[in-house]
Amino acid sequence: MKRNILITNLILAAGFVATTFPMTASAQEACSTYTVQSGDRLSTIAETAYGTFDYQQIFNANRNEITNPNDLDVGTVLQLPCEDGSLPNAASPLEVIAQQEAIQENRATATSQFEPPIKIVSANGWAPFVGEDLNGGGMLVRLATTALNRGGNSREYSVDFVDDWGSHLATLLPIGAFDISIAWYLPDCSKIDLLSETMAKRCTELDGSLPIYETVVGFFTMPGNEYAEVRNYTDYAGARICRPEGWFTFDLEEQGLITPVVEMVTPNSVADCFEMMQAGDVDVVPLEIESVAATVRDLGIEGEVVQNPYLTNLLQMSFVTHKTNPRGRVYIAMLNRGLTEMRETGEWYAIISNSLAEFNNLTN
C-alpha cells in the first residue's frame, strides 16, 4: 500500500527536520535512516520497511540523493519516512499545516469584489490524488486551493468534479466553463514531433503550473514473461502494452513504443489491465507504482506481478489552464507563487503526507 510521500531539501532548510541523523543504519525500518548496501533496490527496501513494493515515498523523501531509482549508490544514506509522512525528528504534517493556517489568518485577506471565484474542475476515481470522498477533494485539490491563498494570493474558488477526464481539455477549459483542471502530466514539449496529435495538444493548447508532484512509472509483467527484465525500451518491440482508455501515452511515444512497434490495449481501468495480464491477454502494464500498488492490493494479487528492475519513467504533474483563457496565465502565476511559498515552509509536503496518511487509514 502506498504510504507517505515527497520531501525536498527546502523542508530541511525550513528547519522542520533535525540537523543530525544517525550516519549509518543496518535495519530497513520506517522512521529511520538506512545506508545503501550492495545489491539494494528501492523496491526491496520498501518491502522490508513498509511491506509494499511501492517505493514512491522513499524516492521522494530522498529526491536529491537519488538520480536514478534503478541504480542506488552504495553508501548513500536514505531517510525512510515515518507512518505520518514526516522524516525522523521532524514536525508532524498536522503541526506544519496548523502553523501555516494560523499565519494566513493573520494576513490581510480582502478580495476585490471585481474578482470572481476561480473555477476549478477535477474528477473522481483517482485516489488519493483527487476525489470528492477524500478530505479537501484529495491531496492535489488541497494543494491547489491552498496555493490560491498563499504567496500573497487571496482568491476565492469553487471546485467541481466532472468524471469525464477527456472533457476537461476538449470542452470545459476551451469554452471557459472552468479555469483550472487538476491535474495533468505534461510531456517534454521539445519532443513534440514524437507525440500523437492528442498528446501534442498538451503542449500547444495548455499552460501548466510548476510541477506539483513527481511520480515513478514502472513496467509490470507476470513473472517469467519475456519482457520482465528487458534493459532497453526497444526490447519491448512486439509487446502487448496495456494502459487504460484516456490516460496519457506521451511517455511511451517519446520512447518509440507506438503502433505497430507495440500493440496498445486500452480497457476502461487499471484493474482491467491487470486482469487481462493475468489472463495472458497483455504482456506489460506501465503505470505509476502507487496506482499499481493499490490495484494489486484490491485484486488480492500481491506477489503475482513483478516490476522491471531496470526501466522506469519519471513524470511530473501540473495544474493546467487553456491558452484561450484570457486570465489563464494570471491564475498559473498565482498558483506558482503559492506553491513556491508552500514548498519553502514545508506546507506542500505536509498536505501531501497528511492526505496519504488519511487515505491509508481508510483503506488498510
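Which residues lie nearest the centre of the second largest pocket? They are Ser43, Phe53, Val305, Val306 and Gln307, out of 24 residues that line the second largest pocket. The structure is a predicted model, in which local features need pLDDT of at least 70 and side-chain atom pairs count only at pLDDT 80 or more, while totals for chains, interfaces and linings use all residues. Residues are numbered from 1 along each chain as its sequence is written, and side-chain values use heavy atoms, with hydrogens and water left out.

The search for pockets ran on a 1 Å grid over the protein atoms alone; a pocket is an open set of points where a 1.4 Å probe fits, with protein on both sides within 12 Å along at least five of seven lines, and a lining residue has an atom within 4 Å of a point. Volumes are the space filled by probe spheres set on the points, with grid points joined across faces, edges and corners. For the second largest pocket that volume comes to about 430 Å³. Helix H2 (42-50), H10 and strand S11 (306-322) each give two or more residues to its lining, helices (H or I, at least four residues) and strands (E, at least two) being DSSP runs numbered from the N terminus. S11 supplies the largest share, four residues. Sorted by class, the lining of the second largest pocket holds 12 nonpolar, seven polar and five charged residues; here Ala, Val, Leu, Ile, Met, Phe, Trp, Tyr, Cys and Pro count as nonpolar, Asp, Glu, Lys and Arg as charged, and the others, Gly among them, as polar.

As for the largest pocket, its space is about 680 Å³. Its lining has 28 residues, and Gly125, Trp126, Trp165, Trp247 and Val270 are the closest to its centre. Two or more lining residues come from each of helix H6 (165-172), strand S5 (180-185), helix H9 (270-278) and helix H10 (289-299). H10 gives the most, with six residues.

Counting bonded cysteines along the chain, the pattern is 1-2, 3-4, 5-6. Cys31 pairs with Cys82 at an S to S distance of 2.0 Å. The torsion about their S-S bond is about 65°, so this disulfide is right-handed. It links distant parts of the chain, 51 residues apart: Cys31 sits in the loop between helix H1 (9-14) and strand S1 (32-35), and Cys82 in the loop between strand S2 (77-80) and helix H4 (93-105). Cys31 is partly exposed at 40% relative accessibility, whereas Cys82 is buried at 8% (buried means under 20% relative accessible area, exposed over 50%, partly exposed in between, with a 1.4 Å probe and protein chains only).

The sulfur atoms of Cys189 and Cys203 are 2.0 Å apart, and their link is left-handed, with -95° about the S-S bond. Cys189 is partly exposed at 38%, but Cys203 is buried at 14%.

Finally, Cys242 is joined to Cys273 (S to S 2.1 Å), also by a left-handed link, with -80° about the S-S bond. Cys242 belongs to strand S8 (residues 240-242) and Cys273 to helix H9, 31 residues apart. Cys242 is buried at 0% relative accessibility, and Cys273 is buried with a relative accessible area of 0%.

Note on methods: A disulfide is a pair of cysteine sulfur atoms within 2.5 Å.
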